[in-house]
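Here are a few notes to read alongside the structure. Have it open and follow the points in order.

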Amino acid sequence: MKTRLKLIVAAAGMMLASAILTPAGAVAEEVRSLRGPVGVQESDQAPSLNIFTYQEGGNHARNFRQQPPLVPHKIEKYQVDKNVNQCIGCHEWTNAKTMRAPQISETHYVDRQGNRLDTIAGTRWFCTQCHVPQTDAKPLVDNAFTPVTKVR
């Protein structure tokens with residue numbers, strides 16, 4: 001207990017000495033808001049989300065046989081959470097033909113035990129776990145992946 005009290009007193013002393021010895025202006029200049037020059041009470045303009053180029057519709061090349069298809073449209077405002085999945089509105093088998101959207105694969109209606117379901121399995125509910133929107137972003141790391149069909 002005495003050791004802990006000594007540590008607390010020593011830390012408080014160091015903080016007090018630091019506050020006394022540091023000029024007041026020096027601390028204020030080093031602290032910067034993540035919002036930049038915008039004041040706390042002011043509204044700031046949201047950055048544009050239109051940074052990607054999309055090729056609407058059509059099939060996109062896959063690099064391996066079981067690769068999930070890319071999403072050929074913007075999805076940043078789609079709600080997909082534990083209660084709602086807006087992707088289903090167009091892609092579920094009952095709506096796909098009317099919406100002219102690719103139908104969700106039958107594999108998405110099978111649970112872990114292999115039971116066929118009438119609704120999408122919980123393990124397949126969050127589409128963006130596997131399906132990603134296409135983008136023209138540059139790779140973060142070098143990739144030497146070669147599809148098996150090209151290796152032969």
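1. Let's begin with R100, which counts as exposed because its relative accessibility is 77%, above the 50% cut-off for that label. Keep in mind throughout that this is a predicted model.

2. Where does R100 sit? Look in the loop between α4 and α5; α4 covers 96-99 and α5 covers 148-151. The backbone deserves a glance here too: R100 isn't a glycine, yet its phi is positive, about 55°. As background, most residues other than glycine have a negative phi.

3. Next, E92, which you'll find in the loop between α3 (88-91) and α4. Is E92 buried or exposed? E92 is buried, and it has no salt bridge. The nearest side chain of opposite charge belongs to R116, and that is 13 Å away.

4. So what does E92 touch? Setting aside neighbours within four places in sequence, E92 is in contact with I104 and Y109.

5. Now for the open space. The largest pocket holds about 1,100 Å³. It is lined by 42 residues, and those closest to its centre are P69, L70, H91, P102 and H131.

6. Which element gives the most to that lining? That would be α3, with three residues. Sorted by class, the lining of the largest pocket has 19 nonpolar residues, 18 polar ones and five charged ones.

Key: Residues numbered from 1 in each chain as written. Predicted model: local features only at pLDDT ≥ 70, side-chain atom pairs only at ≥ 80, totals over all residues. Heavy atoms only, no water. Helix = DSSP H or I, 4+ residues; strand = E, 2+ residues; numbered from the N terminus. Buried < 20%, exposed > 50% of the residue type's maximum accessible area, 1.4 Å probe, protein only. Lys, Arg positive; Asp, Glu negative; His and termini not counted. Salt bridge = Lys/Arg side-chain N within 4 Å of Asp/Glu carboxyl O. Contact = heavy atoms within 4.5 Å. 1 Å grid on protein atoms, 1.4 Å probe; cavity = no way out; pocket = protein on both sides within 12 Å on 5 of 7 lines; lining within 4 Å. Points joined across faces, edges and corners; volume = space filled by probe spheres on them. Nonpolar A, V, L, I, M, F, W, Y, C, P; charged D, E, K, R; others polar.
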